[in-house]
Amino acid sequence: MLCLAVYLLFCAFIPSCSLYNSHLKSHHLLHTQLTEFETLLRIYDPTMKKLLSLIYQLLNRIPDTKPLHYQIQWQKDTQDRVLLEHWPLIWASVNNCSSIFNVKFQTLKLYTRWYLTPYKLANIYKTYSDKCWKHCDSQGIFLHCWWSCPQIFKFWKLIQQKIHCILKLDIPLLPEVFLLSFFNDLDLSEREERSLSILLAAAQMVVASSWNKKHPPFLRHWYGKLLDAYVMDKISDYLKCRESVCYTSKLDMTWSKILTFLGSVDPVLLPLAHRNMLFRL
């Protein structure tokens, strides 16, 4: 992530130098105290060496102690059950649960509250309604659209019941558990944590695919997302085994109980595109 930031900053750096120096001169700011990066903009010349390394060092020194907006909002929505110091654990769980890009990308968007809710859209477009898309007449704020809307909450209760059937775990019905995969207060083994993370990530993807629609999320789509995730995880695991003899597969650890459950599901309950997949597992 840091390397990508360096590359993007480098691409914008050289065109910014002349503009920035013009800005300083026009606003008579040449003698004000500048930041390290502003100083670098000020002294840059085309013959400067190791520019990329300088930018990288500056980015590495940026303090990371100030709470981000989404962290503050999650702390508020969870009534202080998720604090700033918990975020390293939350982000670590993203990397541990799956190597599938779609799963990680969906998780990133949800955790950072990337989605434009009706409430946000109403603030941008004054003619837009701020009511929930499910027609429950409540204000469409983020936590409502993803958690407390009656149709969405009913889906999460179904997921809680299915998790109990699969893993024999009693998971508290809390937004930090189901939306952030925050298991700090749960006594889970590595197997249980990996399996639970996949089950919840698939459910989050289902909610994301229908959250701005009138209809509720359906359980059959959750089954389909799980089958898709298993196929991608299996391919990823096979490629890693080929690349390194030292690689230890955790595919069976993560998926054995989930596959046993999916094998007991009536194929009629699956999306049409996934009905033949059960016979190839």
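1. A quick word on terms before the tour: helices (H or I, at least four residues) and strands (E, at least two) are DSSP runs, numbered from the N terminus. On that basis the protein chain reads α-α-α-α-α-α-α-α-α-α-α-α-α along the sequence, with 13 helices and zero strands.

2. Please keep in mind that this is a predicted model, in which local features need pLDDT of at least 70 and side-chain atom pairs count only at pLDDT 80 or more, while totals for chains, interfaces and linings use all residues. Residues are numbered from 1 along each chain as its sequence is written, and side-chain values use heavy atoms, with hydrogens and water left out.

3. Of the 281 residues in the protein chain, 40% are buried (under 20% relative accessible area, with exposed over 50% and partly exposed in between; 1.4 Å probe, protein chains only). Taking contacts (heavy atoms within 4.5 Å) between residues at least 6 apart in sequence, 57% join residues at least 24 apart.

4. Helix H11 deserves a look. Its 21 residues, 190–210, reach 31 Å from first C-alpha to last, close to the 30 Å expected at 1.5 Å a residue (1.5 Å times one less than the number of residues). Because 17 of those 21 residues are buried, H11 is largely enclosed by the rest of the structure.

5. Now to the nonpolar cores (sets of buried Ala, Val, Leu, Ile, Met, Phe, Trp, Tyr and Cys residues joined through side-chain atoms within 4.5 Å). The largest has 62 residues, and those touching the most other members are Trp 146, Trp 156, Ile 159, Ile 163, Phe 178 and Trp 222. H11 gives the most to this core, with 11 residues. Leaving aside residues up to four places away in sequence, Ile 159 touches Phe 178, Leu 200, Ala 203, Leu 219 and Trp 222. A second, separate core of five residues includes Leu 40, Leu 51, Leu 58 and Leu 59.

6. Helix H4 (69–77), helix H7 (118–124) and helix H8 (142–148) each supply at least two of its residues, and H4 gives the most, with five. By type, the lining divides into six nonpolar, four polar and four charged residues (Ala, Val, Leu, Ile, Met, Phe, Trp, Tyr, Cys and Pro count as nonpolar, Asp, Glu, Lys and Arg as charged, and the others, Gly among them, as polar).

7. Lastly, Glu 85 lies in the loop between H4 and helix H5 (87–97). Glu 85 counts as exposed because its relative accessibility is 54%.
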